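This report walks through one protein model for a reader who is new to structures. Please look at the sequence and the model first, and then follow the text with both at hand.

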Amino acid sequence: MILIVVKFRTRPEAVNGFLDAVADFTAATRAEPGNLWFEWSRSVERDDEFVLVEAFKDGAAEAHVNSDHFRAGLASMKPLLKETPLIVSRVVDGEGWDRMGELTIDE
């Protein structure tokens, strides 16, 4: 699978409405064939930073970045950002989350 993590720093006036502004883009991406997850979080260290963790089955990420909703999502997001997002994108084995063996919780 392709695992992608992106950090987005927003302009101060966009912080509170950022997740609403990307809601259509998020919904369209989650509906794509091959999307495994597309999850937003807000940084606990920076009020203006949102972190996106996304994953696609092998070969599905290309269709994602070539989609109309991807282009529209970036265009609507761009004026809300104060700097170029930071990204890590890697191909990894598997197609989902595994349990953390170093911190097993017995139920």
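One aromatic cluster is formed by F8, F18, F25, F38, W40, F50 and F70. The model is predicted, so local features are described only at pLDDT of at least 70 and side-chain atom pairs only at pLDDT 80 or more, whereas totals for chains, interfaces and linings use all residues. Residues are numbered from 1 along each chain as its sequence is written, and side-chain values use heavy atoms, with hydrogens and water left out.

**Overall layout**

The protein chain has 4 helices and 4 strands, which follow one another from the N terminus in the order β-α-α-β-β-α-α-β. Here helices (H or I, at least four residues) and strands (E, at least two) are DSSP runs, numbered from the N terminus. The C-alpha trace spans about 45 × 35 × 20 Å along its principal axes. Of the 107 residues, 35% count as buried, where buried means under 20% relative accessible area, exposed means over 50%, and partly exposed lies in between (1.4 Å probe, protein chains only).

**Aromatic pairs**

A pair of aromatic rings is described by the distance of the centres and the angle of the planes. Rings of Phe, Tyr and Trp (its six-membered ring) pair if their centres lie within 6.5 Å, and planes under 30 degrees apart count as stacked, over 60 as edge-to-face and the rest as tilted. The structure holds 8 aromatic pairs, and the table shows two of them.

| Pair | Centre to centre | Angle of planes | Kind |
|---|---|---|---|
| F8 and W40 | 5.2 Å | 50 degrees | tilted |
| F25 and F38 | 5.5 Å | 90 degrees | edge-to-face |

F8 counts as buried at 6% relative accessibility, and W40 counts as buried at 15%.

**The nonpolar core**

Which residues touch the most other members of the largest nonpolar core? They are F8, F18, W40, L52 and M77, in a core of 17 residues, where a nonpolar core is a set of buried Ala, Val, Leu, Ile, Met, Phe, Trp, Tyr and Cys residues joined through side-chain atoms within 4.5 Å. Strands β1, β2 and β3 (49–56) and helices α3 (60–65) and α4 (68–77) each supply at least two residues of this core, and the largest share, 4 residues, comes from β1.

**Contacts of single residues**

Contact means heavy atoms within 4.5 Å. Leaving aside neighbours within four places in sequence, F8 is in contact with residues including F18, W40, D48 and P85. D48 lies in the loop between β2 and β3 and is buried, with a relative accessible area of 11%; leaving aside its neighbours within four places in sequence, D48 is in contact with F8, R9, T10, V15 and K82.

M1 lies in the segment before β1 and is buried, with a relative accessible area of 6%. Leaving aside its neighbours within four places in sequence, M1 is in contact with residues including L36, W37, A55 and R90. The C-alpha atoms of M1 and L80 are separated by 30 Å, and these residues are 79 residues apart along the chain.
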